[in-house]
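Here's a quick walk through one protein model. Have a look at the fold first, then read on.

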Amino acid sequence: MKAKQILNEILDNPRWGKNVTKREVIPGREAVLEEIPGFIREDLKELMGKKKIASLYSHQAKAIKTAREGKDMVVVTPTASGKTLCYNLPVLNRLLYNPEARALFLFPTKALAQDQVAGLVSWGEELGERIKTYTYDGDTPGEVRKKLRTAGNIIITNPDMLHTGILPHHTKWMKLFENLEFIVIDELHTYRGVFGSHFANVLRRLARICEFYGSRPQFICTSATIGNPGEHASRLLEREVSVIDEDGSPRGPKEVVFYNPPVVNAALGIRRSSLLEAEGLAGELIKAGLQTIIFARSRIHTELLATYLGRRFNRIGEIKIRSYRGGYLPRERRLVEKELREGELNGVVSTNALELGIDIGTLQAAVLTGYPGTIASTWQQIGRAGRTRDYSLAFIVGTSGPLNQFIINNPSYFLEGSTEEALINPDNLVIAVNHIKCAAFELPFSEEESFGRLDLKEVLDFLEENQVLRKSNGRYYWMAEGYPAEDISLRSAASDNFVVIDSQAGAKVIGEVDRFSAPMLIHEGAIYIHGSSQYHIDRLDYDQEKAYARPVDVDYYTDADLAVDLKVLDVFAEEQNGAVRRAQGDVSVLAKATKYKKIKFYTHENVGWGNINLPEEEMHTSAYWFSVPESGKDREKMQSALMGVANLLGNVAPLEMMCDPQDLRVLAQVKAPFTNQPTIYIYERYPGGVGFSEKMFSQHFELLQRVKNILENCPCQSGCPSCVGPVEEVGEKGKDNARWLLEEFLF
Ligand SMILES: [Zn+2]
């Protein structure tokens, strides 16, 4: 019980102990075991014996039996519950009987796929090479590609490669599609929002091609715990799906500690930085010998935490801390994963990139800097500590934000609440039309075909009018130049990444940044932190998507401001209640990075600023908004009130919608050009939206009720970061003004 003792010692110190709002022990439990079913072949059983697998956990046994019955299914269990056997066994068993059969494994990221392939290749080899497993991704060499198309029994790939590399070239993959018996989809819960909506359409295209070659593969999916696994799987696959969700794997006890940084300025309601508190706690845990993972909410925070921890342990040579996030080159990430697995690292600081099932071995403690935004990801992050039977622990360190303060002070919302539902909208017209183009390129459409619940004929006729398709004898043929999948990214609106180049180290590429983040992170004058090293961005070549940097050693980092403007394009629903008018529809959002602040390490003081001169980015999306009548001439009061209510809404809406706070953005306008009135908009951060704005429109009153509750229950005097926002932003009377607006117009 080493971890438990260490935790008690740390919390016995009032410096830490007095800030704890809740300690919850989640008891461990014994494994529920079952015998390996008789229909598993002897040679496979023998190999399992060699790998010390003498029996199965109950969910694994159930999955294998369900697969045997030919049903489509999703296995829903937490990390480290032995999910891979749930699909590997049925697939290997089948392939041993029929070496002509084929299976397609889909993993949401390349890293996860690489993890899997190593395991499967070794099983295949030990079974006498009868089963050949190959990865097909951007790194697969040309000569291997040719071979794996015909010889590979198991093809491991990701949705992006399926979309651009396999489906458009299906004729080269005839052998795979004719004999395809299984499609394995790992981490099904990651396919939500825009990515999930795209993926559902990729699966529609896949189903079309399988039908063309005369196969009807069975789906075996796995998912982390979400609120609606069966419904989500059915929407993605457009089939009935069996759900297996009783977890039979063993667990060690785990203690979750809710920690609220102390108030440093009671009048302004300012708490000590969650970043510094998390750094302090992680420092104690690592010093005591616990291998610790620290999750940060952003890339900048990841690098800051790694820098601070690195400096803390500078003098102790044996302690090794690393950072991990998107934007690192694959080789760097593999190295950190390996060092973690082999126990060479004492600590790792990561964004949510390490939330997924990449194999990093066993960690003993997790520190979450801020509430990750959803119950599901919080459990995933906490689950990174304590894969064994030993005691493990996790800290959730609250920030000053309203959502964080709510969770830290009401831990039961998290501990007893059900996890979020995954939401997708496969019929989002922007997304679906793109995939209909891809599908038409792959195989001509006939007039009688269907594509999800869309009015396919209407879309096809539209594409014909626009000379994308040509109609002949009741069939629609692709006629435009090039092939469409290349230009369509499944992940975001922009498919292109910016690269960061160290101009002093022989023009070496040190990292990547996605298009929408580039103006914020790698504008000229920005300090780009990578692997705890700092780089000054000297020049950003926006057209070439390249940033030129040089290493520096400064005591500040940079933080950019984003100016946002919004135009209403189309109103789909509208309602008037008393003085308030609310609506839902399509909008165009224009975002431009304007200037940046230089912020000093540790004290986080503002020590200077500069301008950013970059073009604005435009996005069409879905929004919900409401407006109130102008009240007299006191525009300042209205401004402060709107700002306060908007800040609260920005935090409450994700909670009410059960989505990631990153999915939504709030904008307050004191005289909105469209409504001509004071208006608050909440828009979805992805082109076309995925259905949150319709949901917010219908839950308008619940949303505002929750806003009012948080406002009334906050102990501050005149407003603080935990409710309407800091006084510098909303003014001395911010809280009163927000209350006035809510009472005057909204209730
Ligand atoms: Zn407050």
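## Ground rules

This is a predicted model, where local features need pLDDT of at least 70, side-chain atom pairs count only at pLDDT 80 or more, and totals for chains, interfaces and linings use all residues. Numbering starts from 1 along each chain as its sequence is written.

## Overall shape

The protein has 25 helices and 32 strands, taken as DSSP runs (H or I, at least four residues, for helices; E, at least two, for strands) and numbered from the N terminus. Its radius of gyration is 27 Å, close to the 27 Å that the globule rule gives for 747 residues, so the protein is as compact as a globular protein of that length. That radius is taken over C-alpha atoms, and the rule is 2.2 Å times the number of residues to the power 0.38. The C-alpha trace spans about 75 × 70 × 55 Å along its principal axes.

## A helix pair

The axes of helix 10 (residues 193–213) and helix 11 (residues 229–237) come within 8 Å and cross at roughly 50°. Axes are lines fitted to C-alpha atoms, for helices over the stretch in contact, with angles from 0 to 180 degrees between N-to-C directions. Contact means C-beta atoms, placed from the backbone, within 7 Å. G196, F199, A200 and L203 of helix 10 meet R235, L236 and L237 of helix 11.

Note on methods. Two residues are in contact if their C-beta atoms, placed from the backbone, lie within 7 Å.
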